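Please look over the protein model shown below before reading the notes that follow it. The notes are grouped by topic.

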Amino acid sequence: MVNFTKRLVLGLMVIFSFGLTQQTMESKEKKKSRVLRHVVCFKFKDSAKESEVEKVVKAFADLKNKISSIKAFEMGTNNSPEGLDKGFTHCFVITFANEEGRKEYLPHPEHKKFVGLLKPILEDVFVIDYWSIFNWKWTFFWKPTIAFLK
């Protein structure tokens with residue numbers, strides 16, 4: 001009976017440890033396929049000229065060429081029919097491979113320079129960051145994003 005109990009306990013330990021190893025491997029795999037999205041929405045002042053807004057949009061898009069941690073950049077203007085935009089007109093999505101990328105981006109001199117250009121015409125900003133599972137098999141849906149991947 002003692003041998004049976006020892007075998008049972010040993011067997012359960014092996015099964016349990018294999019399960020943990022498998023779970024750890026899956027967790028590491030998920031981390032590899034995650035990307036960090038940095039979503040920024042702008043509401044410009046009523047006094048902002050169209051040429052000033054265009055200059056800001058171009059400067060924001062150009063950051064992908066100046067800050068190596070930016071892996072992808074997307075942007076667009078609001079076209080929602082719901083009327084819930086609260087005056088926010090422009091949305092930008094920056095993709096980082098990891099938190100280190102975001103840590104490089106936020107204090108980067110080129111980002112600070114961009115913020116200096118933006119502030120005089122900015123009424124409000126909304127920012128949210130989130131982890132996204134990125135699967136290369138899905139990329140055929142996101143051709144504009146792929147164009148900016150480095």
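How many helices and strands does the secondary structure of the protein chain come to? The answer is five helices and four strands, where helices (H or I, at least four residues) and strands (E, at least two) are DSSP runs numbered from the N terminus. This is a predicted model, in which local features need pLDDT of at least 70 and side-chain atom pairs count only at pLDDT 80 or more, while totals for chains, interfaces and linings use all residues. Residues are numbered from 1 along each chain as its sequence is written, and side-chain values use heavy atoms, with hydrogens and water left out.

**Overall fold**
- Read from the N terminus on, the elements of the protein chain follow the order α-β-α-β-β-α-α-β-α.
- Of the 150 residues in the protein chain, 29% are buried, where buried means under 20% relative accessible area, exposed means over 50%, and partly exposed lies in between (1.4 Å probe, protein chains only).
- Among contacts (heavy atoms within 4.5 Å) between residues at least 6 apart in sequence, 80% join residues at least 24 apart.

**Nonpolar core**
- A nonpolar core is a set of buried Ala, Val, Leu, Ile, Met, Phe, Trp, Tyr and Cys residues joined through side-chain atoms within 4.5 Å, and in the largest one, which has 22 residues, Phe42, Phe44, Phe60 and Tyr105 touch the most other members.
- Two or more residues of this core come from each of β1 (34-44), α2 (50-62), β3 (90-96) and α4 (109-118), and α2 gives the most, with five residues.
- Leaving aside residues up to four places away in sequence, Phe60 touches Val40, Phe42, Phe73, Phe92, Ile94, Tyr105 and Phe114.

**Cysteines**
- The structure holds zero disulfides, a disulfide being a pair of cysteine sulfur atoms within 2.5 Å.
- Cys41 is in no disulfide, and the nearest cysteine sulfur, that of Cys91, is 3.6 Å away.
- Cys41 is buried, with a relative accessible area of 14%, whereas Cys91 counts as partly exposed at 28%.

**Salt bridges**
- The structure holds four salt bridges, each being a side-chain nitrogen of Lys or Arg within 4 Å of a carboxyl oxygen of Asp or Glu.
- Arg102, which is buried with a relative accessible area of 18%, forms a salt bridge with Asp129, the closest N and O atoms being 2.8 Å apart.
- That pair links distant parts of the chain, with Arg102 in helix α3 and Asp129 in strand β4 (residues 122-133), 27 residues apart.
- Arg102 also forms a salt bridge with Glu99, at 3.5 Å between the closest N and O atoms.
- Asp62, Lys66 and Glu110 are linked in a network of salt bridges.
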